[in-house]
Amino acid sequence: MNTRYQQIIDINHIASYAINEQIDGMLALGQSENIKPAAQDEKRNLLLAIDVQNDFMEGIGSLAVQGSRADVQRLTQWMYHNMASLTQIICSLDCHSMMQIFHPVWWVDQDGNHPEPFTIITYEDAVQGIWVAANGGNERSLEYLQNLETDHKKKLCIWPYHCLEGTAGAKLESQFTKMLYFHAAARSTAPQLIYKGQNPYSEMYGIIKAEYDRDQYINDEVLSAVSQFDAIYIAGQASSHCVLASVTQILEYFSDNKELTSRITLLEDCMSPIAGFEDNTRQQFEVLRKRYGIHIRKSTDIVL
């Protein structure tokens, strides 16, 4: 390509609020490349980028994932080197309000105190009144907690406020954003942004569905998109939670289609787990590899 990686990405400003994305400049650079439009690709390659957002970036995020800065560097390098063959990019974005069941303000104890971040709240805790929904939603909250346990889901974790609508923490990381729009201009396509996690009564780690919700919402748009590609590459944050949940949900939906599930590759060096979940994440991905035939590879080993 005519444009050097360093003209697009400033690695010193990965995970930084101090730099403007300069999208106009990225679009101009991308348009100057002589690359065929993505619509002409014979082999269609998809990047599914999970929650590459500021609040998950080490050094600046309220829910920072150790290793995320280097993950972004490797991911943008992979995108750059595979520019002419990367057909489409879908990005998921956590999108929350303050008043949600996994945020501290939702719950109070008998003294009116809110739980500290990373507190685990069980159904039994709520039944006994150790924690009570602060604004009258206790019956609905109990329903949620009970169904988490019935369905053997993760226990409710109180997370630090993160990815709040309209905040800088909810934005895509700035250097990834620059590469995203350089790709859009170079390949005459547009990234697809999928917002998740807006139901106040549920957590939504995965891109396809919540942990539990009454309406049983399924993101058919993403599932349909995934099925249309010859190869699907997945990266993002955090591997232990939102990436793992997204991959699992996609694989479970297509569980009867081994030919499709075997098209999926995890870019293991472009994602990192929340501290303390390293071994469990590795084990869960290995289970998925054996069961569904997915691939787990380093980005440096893959040329599209």
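Predicted model: local features only at pLDDT ≥ 70, side-chain atom pairs only at ≥ 80, totals over all residues.
In strand β9 (residues 264-272), Ser272 is the bridge partner of Gln237. Residues are numbered from 1 along each chain as its sequence is written, and side-chain values use heavy atoms, without hydrogens and water.

Strand β8 and β9 pair in the parallel sense over five bridges; pairing requires that DSSP finds at least two bridges between two strands. Strands are DSSP runs of E with at least two residues, helices runs of H or I with at least four, and both are numbered from the N terminus. β8 also pairs with strand β1 (residues 45-50), again in the parallel sense, over six bridges. Here Leu48 stands opposite Ile234 in β8.

Strand β8 (residues 231-237) is largely enclosed by the rest of the structure, because seven of its seven residues are buried. Buried means under 20% relative accessible area, exposed means over 50%, and partly exposed lies in between (1.4 Å probe, protein chains only). Ala231, Tyr233, Ala235 and Gln237 point one way from β8, and Ile232, Ile234 and Gly236 point the other way.

The whole structure holds six aromatic pairs. Rings of Phe, Tyr and Trp (its six-membered ring) pair if their centres lie within 6.5 Å; planes under 30 degrees apart are stacked, over 60 edge-to-face, and the rest tilted. Trp78 and Tyr233 form a tilted pair, with 5.3 Å centre to centre and 55 degrees between the planes. This pair links Trp78 in helix α3 (residues 68-81) with Tyr233 in strand β8, 155 residues apart. Trp78 is buried at 3% relative accessibility, and Tyr233 is buried at 8%. Phe118 and Trp159 form an edge-to-face pair, at 5.8 Å centre to centre and 85 degrees between the planes. Phe118 counts as partly exposed at 48% relative accessibility, whereas Trp159 counts as buried at 7%.

A loop residue comes next. Cys95 lies in the loop between β2 (88-94) and β3 (107-108), and at 11% relative accessibility Cys95 counts as buried. Leaving aside neighbours within four places in sequence, Cys95 is in contact (heavy atoms within 4.5 Å) with residues including Cys163, Glu165 and Tyr195. The C-alpha atoms of Cys95 and Asn199, 104 residues apart along the chain, are separated by 9.6 Å.
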